[in-house]
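Visitor: Could you take me through some features of this model? I would like to begin with the strands.

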Amino acid sequence: MRRHACLVSSLLAATLLASGCQSVAVATDGTSTQSVTSPSRSASDNSRQAPPPSEARQDFATWIREFRRTASQQGIDDATLVAAFAPVRYQPRIIELDRSQPEFTRQVWDYLDTAVSPARVTQGQARLAEHRRVIAAASERYGVPAEVLVAIWGIESNYGSNFGSFSTIDALATLGYDGRRPDFARSELMSALRILQRGDIDRDHMRGSWAGAMGHTQFLPSSFEAYARDADGDGRRDIWGSIADVMASTANYLAQAGWQPGEPWGREVRLPQGFDYSQTELDTRRTSQAWAKMGVQPVRGDTLPDLASASVIAPAGAQGPAFLVGDNFRTIMRYNASTSYALAVALLSERLAGEPGLAADWPRHEQALSHAQIRQLQQALNAKGFEVGKPDGLVGPNTRRGLRAYQRSLGMVPDGFATLSLLQRLTGEE
C-alpha cells in the first residue's frame, strides 16, 4: 500500500524503483504510478546534494543518536531501538534513487504492455487457484473482488517475486537524514519502529523498496499500522510471508478507501463522432444514463454499467480506447494516484476473470515526449495565448485544456492529447 500501500502514493516521483514496485507508468496527467498518495509512495524535490560518503557516515551517526532519543521519548523501548539501530547503515544508493528523475515520460500502452502481459495474466490465474481459499475469504469479508486483490499483488511485486531487498529501517533512516522529504521519512521510520516493537516482524525481515514500501503489496509503515490485518490468526500482521494477511490487509485498505461492493470499476466504451473531449476528465461526473444519452456506448454488451458517478477518460485522446469509470476506479487511485496504474489494475483484474482484452487499439506510432519537450510545448501554448499555467513538464488538466483550444483553432479534433507533431507545429519545426 504505497499509501496504504503503494498512502503516500500520489504525485510524483516519476522515479523507477530499483526494488519494490518496479513498474512505473506516467499517466495522462503526468503522474507516475509511483505516486505520493498511495500507501507506499512518496515525492520530493531535488534541491539537496548528497554529502561525501565519509562526511555522511559521521553526520548520519549523530542523526541516528538524536532520532533514537526522540523515539525513546515517544515510547519506543530500548530493546527495539538497539535491534533497529545497532546495525543501521547509511545507503548512498537510496539517495541516488531518491534524486533520480527520468528524462522521458512513458505512454500508457507501454506501461500496460508490461503490467497486463500474457505472462502476468497466466501467473495471476495460477496464484488465484493456489491461494483461492484465503483470497476468497478476504474478498468476502471486505467486499473487494478476488481478481482486483490479485491484480494489485501482481502489479506491486509481480506476485511477491520482487517486493524489494532494502532494509526498511536503513531506507527510512537514510531518507530521513538526507532524502528529499525528510519529515515524511522520519514519520514513517517512527511507524516502522512501532511495528518492530509490536512484534509483527523482525528487523531482518522488514524489507521492501528503497522508498520504504514493504511486502507483497507495498505498504508504507504508516499504512501498515492503519490497515494491516492478521488474517491467519498467528498474532502477527505479516505482509511479507502470509498471503492470508497480505490479501486481508490489501482488501481492508481498499474497503476503507471507499470500495463499493458489487459495483464494477467501469468499462471500455465507444464515443460518438463529434464527442466533446473536454468532458474526458475525472472531475466531470454524470450517471451512466446521462452518458448514454450523450451517445457513449459500451464496446461489449447492450448497456453501460449502472454507475451513479461516472467519468469518461480517453488516455490517448481520439486515437485510442475510451473508458467509463466509476467510484471504484477512483478507489484504486487512492492506492496509487495514477490513471495508468488504475487502468492496469482494472484491466488485469478483468483478464484474471477470463474476460477479453481491449477492443480498441492504442496509437503506438506516437512516441512519448520528454519532460523537457512537454515544458517546451507548455511554453509555446502560453506564448500563443493558450494559457496552461507554469510549465512543469507534466500534462495535466490545464495543459490538456490549452491543447484543446489550440487544436480547435486549427480545425483539428480537440482531444488534448500531446503529440510530437503538435509540439513541432507549435514551435514551427514542421
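Visitor: How many bridges join S3 to S4, and which way do the two run?
Guide: S3 and S4 run antiparallel and are joined by 2 bridges. Strands here are DSSP runs of E with at least two residues, and helices are runs of H or I with at least four, numbered from the N terminus. Two strands pair if DSSP finds at least two bridges between them.

Visitor: What is the bridge partner of Val269 in S4?
Guide: Val269 has Pro298 as its bridge partner in S4.

Visitor: Before we go on, what sort of model is this?
Guide: The model is predicted: local features need pLDDT of at least 70, side-chain atom pairs count only at pLDDT 80 or more, and totals for chains, interfaces and linings use all residues. Residues are numbered from 1 along each chain as its sequence is written, and side-chain values use heavy atoms, with hydrogens and water left out.

Visitor: How many bridges join S3 to S6?
Guide: There are 4 bridges between S3 and strand S6 (residues 322-325), and these strands also run antiparallel. Glu268 has Phe323 as its bridge partner in S6, while Arg267 stands opposite Leu324.

Visitor: In what order do the strands form the sheet?
Guide: The order is S4-S3-S6-S5, an open sheet of 4 strands with antiparallel pairing. At the edges are strand S4 (297-298) and strand S5 (311-313), each of which pairs on one side only.

Visitor: Now Thr284. Where is it found?
Guide: Thr284 lies in the loop between strand S3 (266-270) and helix H12 (288-293).

Visitor: Is Thr284 buried or exposed?
Guide: Thr284 counts as buried because its relative accessibility is 16%. Buried means under 20% relative accessible area, exposed over 50%, and partly exposed in between (1.4 Å probe, protein chains only).

Visitor: Which residues does Thr284 touch?
Guide: Leaving out residues up to four places away in sequence, Thr284 touches Ser278, Gln279, Trp291, Ala310 and Ser311. Contact means heavy atoms within 4.5 Å.

Visitor: Changing topic, which residues make the contact between H4 and H14?
Guide: H4 contributes Val108, Tyr111, Leu112 and Ala115, and H14 contributes Ser340, Tyr341, Leu343, Ala344, Leu347 and Leu348.

Visitor: How do those residues divide?
Guide: The contact of H4 with H14 has 9 nonpolar residues, 1 polar and no charged. Ala, Val, Leu, Ile, Met, Phe, Trp, Tyr, Cys and Pro count as nonpolar, Asp, Glu, Lys and Arg as charged, and the others, Gly among them, as polar.
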